[in-house]
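I opened my notebook to look a few things up in this model. Here are my entries, in the order I made them.

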Amino acid sequence: MIRAMGLALAILMVTTAAEAAEIGLGWLGLRPVSDRPVTVLDGPPPADLGLAGLRQAIADNNAGGRFLGQSYRLDAITLTNEAEAEPALVRLAQSGIRFVVTDLPAPLLSTLAALPAAAGLVFLNSGAEDDSLREGQCRRNLLHTIPSRAMQADALAQLLVRRNWKKWALLVGPAPEDGLRAAALRRAARKFGARIVAEKPWTFTRDAQRNAEGEVAALTRDWSYDVLMVADETGEFGDTAMFNTFDPRPVAGTQGLGASAWHPAHDQWGANQLQNRFRAQNHRAMTELDFAAWTAGRAIGEAAMRARATDPERIEATLRAENFALAVYKGRTASFRPWDGQLRQPMLVGWARAVVAAAPQEGLLHPITDLDTLGTDKGENLCVLH
Amino acid sequence: MRLALTAVLLAWGGTALAQTAYVSNEKDNSISVIDIKTMAVTQTVKVGRRPRGITLSPDFKHLYICASDSDAIQVMDLASLKLIHDLPSGEDPEQFTLHPDGRRLYVANENNNVVTVIDVHSRKVIGQVDVGIEPEGMAVSPDGKIAVNTSETTNMVHWLDADRLTLLDNTAVGSRPRFATFDSTGKTLWVTAEIGGTVHVIDTASRTERQTISFAIPGIAKDKIQPVGLRLSADGALAFVALGPANHVAVIDTKTLTVVKYILVGRRVWHLALTPDGSKLLATNGISGDVSVIDTKSLGVVKTIAVGRYPWGVAIRP
């Protein structure tokens, strides 16, 4: 393709004239290592899960920042164990970074955010879905771009209730996070008028791939329900629940139909532009973790652009302002909830190949914004910011 | 039956035409042809994949069509309604504007962050300019000296020297600026910001904003009011703004810069065009798959015309 050289020159002139000022973003990532064998279908997870999204955001920010004399630098640290976390944080803080995007387990993130080295830093959590970080363990210096389990469960519940599939049977996996997921589903059921009509823990230890057909059928045989809900974050059995229930019933929750902030098949509201940019750069589809990190990076960029400033205090103030509005390719703008730091945004409800609907569902009423029907609302939320 | 109808239409097309509207159907890969007099679709023509922006040549002989997913701008001969050739467009063309010289077409290439300028006579790319992320709206000043582009993710208006293709300036606007148009004097630029929910009235000389216009419709969530298409009435007294999923067209008094009316139209109203006599405004409604015809005097919808799936752009010739 032909390129006019004069153009590139013109942009350079504008940038140097404005004397580009740098905004540093840090990344701290530590994905838990799964002891489950890699599936033939997926292969090992990408090493840059999440981080690839932040890199995309830095590129997007720089593309716009050059017109304003702003440039963005990324200092990414991928940890191999928890002991490396504190020194890494100290190093980021000492290098002048004030915004740190994280994909860390919730307890580690809580510990880091309370360290003296974290004073004056803002953490943008793009990995931990734990509701505890938005409630009892919430902190003033923690913002969350990854949806909480409550937000995900609410979005799913809204669609199921809308379909009038209100009788849920629940299978809960053995991992601690499966219990948290089940709690979020029970809460969503109460909130939107669904019922958990049956519930069992998943206790089978044999390879589910070989035996699931008998196991899931046997477990669900005596139940009368509309939807089988699975709470299985580590992928023990959820994928094999589908088409193995005794009665013909859809599967939802962590497998089957689920709710997330992003979906690889999402193409509405201009989303295909972001999907295309991401795929061209990374040769894979954008996941929810990538999107959450992208959102965190873009939120900083948008705030800096709106504030016309590079100093962290003004960026943070703009980020937290009531009228902050980030475009996230889902038809509505995203902004941070002042009571718990959670990014309010539309959710996508879908299965592996397609988005079925966006949440909030049409017709849900809320005194301020129907986006706050997803997750813990002001008043019911237990967070006391400190 | 269909052939016979075409033959009749073609014969009739040779004589003096009433006003004719062309509507691009994004998900049907087609153009609907509407006779304004009878307010009916007379023909539907297959074109390239995902047609979005469309514009007419100054002599009204040709229709330029951004076939986004075909990475092409297709040229339709309006006498025969046949696609006669493609223009080299750059990747994923979405919107474009024709320079007053009728020759230079300024194209926003959404996927690779450039504006491409094409000579429609020689069918050659004569220049490209780097702009912000997801370039979208394009406009050229009436004197032909300035081209502007809006970038959706960078949230700016980029001011370009239309001849030298150099970047002159940038003006920050609301989130996801979608559409830009100069008033007939060229003194004012109007820009819609879809996600910001605003219309920005910008002084061309100083490139600074004169006014931000917001909208409020009872019973509709504020963030569902998403301005996209905008047209100024022939006398410049009114601005019409398509508000996307708010399903209304706002009417703005350009003197007071206040909203005087909200007109209920179809679902996800996208782009607008005025008939050359200025008496009617056509609005494409993406989700409902139709076009609302608005009387510009009474400011009411007089007819809804079903077209293809996801109508996007509209252009009208005398």
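This is a predicted model: local features need pLDDT of at least 70, side-chain atom pairs count only at pLDDT 80 or more; totals for chains, interfaces and linings use all residues.

**Entry 1: a proline.** I started with Pro360(A), which sits in the segment after strand E15 (354-359) of chain A. Strands here are DSSP runs of E with at least two residues, helices are runs of H or I with at least four, and both are numbered from the N terminus. The peptide bond from Ala359(A) to Pro360(A) turned out to be cis, with omega near 5 degrees. I noted beside it that most peptide bonds are trans, and that most residues other than glycine have a negative phi.

**Ground rules.** Residues are numbered from 1 along each chain as its sequence is written, chains are lettered from A and ligands numbered from 1 in the order in which they are written, and side-chain values use heavy atoms, with hydrogens and water left out.

**Entry 2: a positive phi.** Next I checked Asp71(B), whose phi is near 50 degrees, a positive value in a residue other than glycine. I found Asp71(B) in the loop between strand E5 (62-67) and strand E6 (72-77) of chain B.

Entry 3: Strand E18 (residues 198-203) and strand E19 (residues 208-214) of chain B run antiparallel and are joined by six bridges. Two strands count as paired if DSSP finds at least two bridges between them. Opposite His200(B) I found Thr212(B) in E19(B). Four residues lie between the strands of this hairpin, and in it Arg207(B) takes a positive phi near 55 degrees.

Entry 4: I traced a four-stranded open sheet in chain B, with the order E24-E25-E26-E27 and antiparallel pairing. Its edge strands, each pairing on one side only, are E24 (269-274) and E27 (300-306) of chain B. Strand E26 (residues 290-295) of chain B pairs with E27(B) over six bridges, and Asp295(B) stands opposite Gly300(B) in E27(B).

In chain A I found an open sheet of three strands, E11-E12-E13, also with antiparallel pairing. E11 (326-327) and E13 (343-344) of chain A are the edge strands. E11(A) pairs with strand E12 (residues 333-336) of chain A over two bridges, and Ala327(A) has Thr333(A) as its bridge partner in E12(A).

**Entry 5: where the chains meet.** How many residues of chain B are in contact with chain A? I got 36, against 35 residues of chain A, where contact means heavy atoms within 4.5 Å. The two chains bury about 2,900 Å² between them, 51% of it on carbon and sulfur atoms; buried area is the accessible area (1.4 Å probe) that two parts lose on being put together, summed over both.

I counted three salt bridges between chain B and chain A, a salt bridge being a side-chain nitrogen of Lys or Arg within 4 Å of a carboxyl oxygen of Asp or Glu. In one salt bridge, the side chains of Arg332(A) and Asp223(B) meet at 2.6 Å, N to O. The largest share of the side of chain B that touches chain A, five residues, comes from strand E11(B).

**Entry 6: a link within chain A.** Over all chains, the search gave 40 salt bridges. I looked up Asp60(A) with Arg277(A), whose closest N and O atoms are 2.7 Å apart. Asp60(A) is in helix H2 (residues 51-65) and Arg277(A) in helix H9 (residues 271-282) of chain A, so the pair links distant parts of the chain, 217 residues apart.
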